[in-house]
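Hi everyone, thanks for having me today. I'd like to walk you through a protein model, one step at a time. Please take a look at it with me.

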Amino acid sequence: FPLTNPMGFSNDVMFASKNHPFLGQLIDNLPKKNRWFGLPYLTVLYSTGPMFLSLSYSKLSSDERSQVLAMSPEIYSQSG
């Protein structure tokens, strides 16, 4: 997952090994977040977007977090 500034993750690039528990958790939580958040931008941000991903990550234990890798903004933003 690409890191974003000032905090959190971007969800426009994701890779996972087969049956990775964090990706499974994200997929399982999608129906719970499928609701209107008052504005289209906020709805995407919190239901499937970067805040959904970042908040899900924040709920992981430190052991689980150690299994999720992130790309630094410098690597992710390089054009090439």
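Let me begin with a word we will need: two residues are in contact when they have heavy atoms within 4.5 Å. Please also keep in mind that this is a predicted model.

Now, the overall layout. The protein chain has five helices and zero strands, so, by the definition of helices and strands used here, you can read the pattern along the sequence as α-α-α-α-α. Of the 80 residues in the chain, 26% are buried. The chain exposes about 5,800 Å², and carbon and sulfur atoms supply 59% of that area. And if you take the contacts between residues at least 6 apart in sequence, 53% of them join residues at least 24 apart.

Let's move to helix α3, which covers residues 50–58. Which residues of α3 are buried? They are Met51, Phe52, Leu53, Ser54, Ser56 and Tyr57. Those buried residues pack against α1, α2 and α4.

Next comes helix α2, residues 40–47. Its buried residues are Thr43, Leu45 and Ser47, and they pack against α1 and α3. How do α2 and α3 sit relative to one another? Their axes come within 4 Å and cross at roughly 30 degrees. On the α2 side, the contact is made by Leu45, Tyr46 and Ser47, and on the α3 side by Pro50, Met51, Phe52 and Leu55. If you sort the residues of this contact by type, you get six nonpolar, one polar and no charged.

Let me stay with Thr43 for a moment, in helix α2. Is Thr43 buried or exposed? It has a relative accessible area of 14%, and because buried means under 20%, Thr43 counts as buried. Leaving aside its neighbours within four places in sequence, Thr43 is in contact with Arg35, Trp36, Phe37, Gly38 and Thr48.

Now find Leu55 on your screen. Gly8 and Leu55 are 47 residues apart along the chain, and their C-alpha atoms are separated by 8.2 Å.

For a second pair, look at Ala70, in the loop between α4 (62–65) and α5 (73–76).

Met14 brings us to the surface. Together with Leu23, Ile27 and Leu30, Met14 forms a nonpolar patch there, and the four share about 320 Å² of accessible area. Leu30 is found in helix α1, which spans residues 21–33. Leu30 has a relative accessible area of 34%, which makes it partly exposed. Patches are made of residues with over 30% relative accessible area, so at 34% Leu30 clears that cut-off.

To recap, we saw α3 with buried residues that pack against α1, α2 and α4, and a nonpolar surface patch that includes Leu30.

Terms used:
Residues are numbered from 1 along each chain as its sequence is written. This is a predicted model: local features need pLDDT of at least 70, side-chain atom pairs count only at pLDDT 80 or more; totals for chains, interfaces and linings use all residues. Side-chain values use heavy atoms; hydrogens and water are left out. Patches are made of residues with over 30% relative accessible area and no salt bridge: like charges are joined within 9 Å, nonpolar side chains (Val, Leu, Ile, Met, Phe, Trp, Tyr) within 5 Å. Accessible areas come from the Shrake-Rupley method with a 1.4 Å probe; for residues, only the protein chains shown count as cover. A salt bridge is a side-chain nitrogen of Lys or Arg within 4 Å of a carboxyl oxygen of Asp or Glu. Helices (H or I, at least four residues) and strands (E, at least two) are DSSP runs, numbered from the N terminus. Buried means under 20% relative accessible area, exposed over 50%, partly exposed in between (1.4 Å probe, protein chains only). Axes are lines fitted to C-alpha atoms, for helices over the stretch in contact, and angles run from 0 to 180 degrees between N-to-C directions. Ala, Val, Leu, Ile, Met, Phe, Trp, Tyr, Cys and Pro count as nonpolar, Asp, Glu, Lys and Arg as charged, and the others, Gly among them, as polar.
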